[in-house]
Amino acid sequence: MTCGRGPGKGHEDEIDGVLETDRTAEELGFDHVIASSHLPAGAAGGVTPDPVVLLSAVAGATSRIGLVTSVLILPLYHPVVVAHRAATLDRLSGGRLTLGVGTGWDTAEFDAAGVPFAGRGRRADEQLEVVRALWRDEAEVRLGVRPRRPGGPPVWVGGHSDAALRRALRYGDAWHGFGTDAAELAEVRGRLAVLGEEAGRVPAIPLELTAGLALVPPGFEAAVRPPGRPLGGAEPSAERVREELGELAETGLTACSLWLPVATEALPDALGWVAQEVLSHFSKE
């Protein structure tokens with residue numbers, strides 16, 4: 001179980017307390033924290049810090065909790081740079097990094113970076129091939145820093161298209177979705193099974209299923225409007241949240257990233273609610 005921070009309202013000082021919040025998350029027993037990736041300011045001017053830089057700071061402020069990019073927009077970067085940054089953070093954090101990647105959707109972001117939007121899926125495939133080869137020391141170029149773990153950190157591949165699912169099967173350790181309920185997860189799992197059989201993926205190497213889910217705990221107000229249906233619905237209860245997470249787990253979800261889109265000052269209390277009402281329940285199972 002994990003917790004991710006939602007976007008702020010456009011003030012850089014809103015991330016000044018992120019390290020203390022992540023230390024709180026670690027103390028409460030969360031598995032990992034997530035950091036999203038956008039170059040320009042987000043919706044309504046939300047701040048969007050660099051995920052690798054942010055997670056590097058989190059790594060230095062914590063000792064156990066996992067670090068996940070959710071997701072790094074891979075086509076915006078050179079694959080050698082991605083492989084080197086990820087390897088450095090994986091080594092310095094003691095092997096706590098998970099590299100979540102996606103192809104992006106915002107044409108304005110690609111324009112701002114001077115990177116073509118068209119063909120980004122094909123480029124992402126090529127980039128992951130290069131990144132994996134660099135981590136395994138199988139490329140012509142040798143990285144200046146090797147990852148802590150042989151073969152590099154786990155890779156979560158985002159996206160719902162068939163191309164994204166094929167990418168996850170070929171290069172990923174897990175598929176990474178967002179806002180997925182049990183029925184949608186079952187549909188994705190079925191498509192992965194068909195596409196995996198077509199691609200000849202070895203059944204003994206299962207692809208894990210992960211997802212990010214928005215949650216506004218009872219008694220809290222959303223600072224920004226979460227996309228889609230939040231976990232537990234418009235009026236969630238602890239019982240309903242646990243029930244939906246249980247349904248997802250039964251369908252095959254192995255890791256859940258909770259995005260809590262509440263005000264910054266309310267985040268520690270929201271984390272405490274999740275720890276008491278959700279984490280404590282699943283830790284007993």
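I started with Trp135 and listed its contacts, meaning heavy atoms within 4.5 Å. Leaving out residues up to four places away in sequence, Trp135 touches Ala83, Ala86, Ala87, Leu99, Leu143, Pro147, Gly151, Gly152, Pro153 and Val155.

A note on the source: this is a predicted model, where local features need pLDDT of at least 70 and side-chain atom pairs count only at pLDDT 80 or more, while totals for chains, interfaces and linings use all residues. Numbering runs from 1 along each chain as its sequence is written, and side-chain values use heavy atoms, with hydrogens and water left out.

Next I looked up the nonpolar cores (sets of buried Ala, Val, Leu, Ile, Met, Phe, Trp, Tyr and Cys joined through side-chain atoms within 4.5 Å; buried is under 20% relative accessible area, exposed over 50%, partly exposed in between, with a 1.4 Å probe and protein chains only). The largest has 68 residues, and Trp135 and Trp175 touch the most other members. Helix H9 (267-283) gives the most to this core, 8 residues. Helices here are DSSP runs of H or I, at least four residues, and strands are E runs of at least two, numbered from the N terminus. Another core, of 5 residues, lies apart from it and includes Val68 and Trp156.

Then I went to H2 (51-61). Its buried residues include Pro51, Leu54, Leu55 and Val58, and the buried residues of H2 pack against H1, E2, E3 and H3. At the N-terminal end, Asp50 is the cap, with a side-chain oxygen 3.0 Å from the backbone nitrogen of Val52.

Last, I checked Glu184 in H7. Glu184 counts as partly exposed because its relative accessibility is 40%.

How values were computed
Polar contact = N/O pair within 3.5 Å; in protein donor to acceptor, adjacent residues only side chain to side chain.
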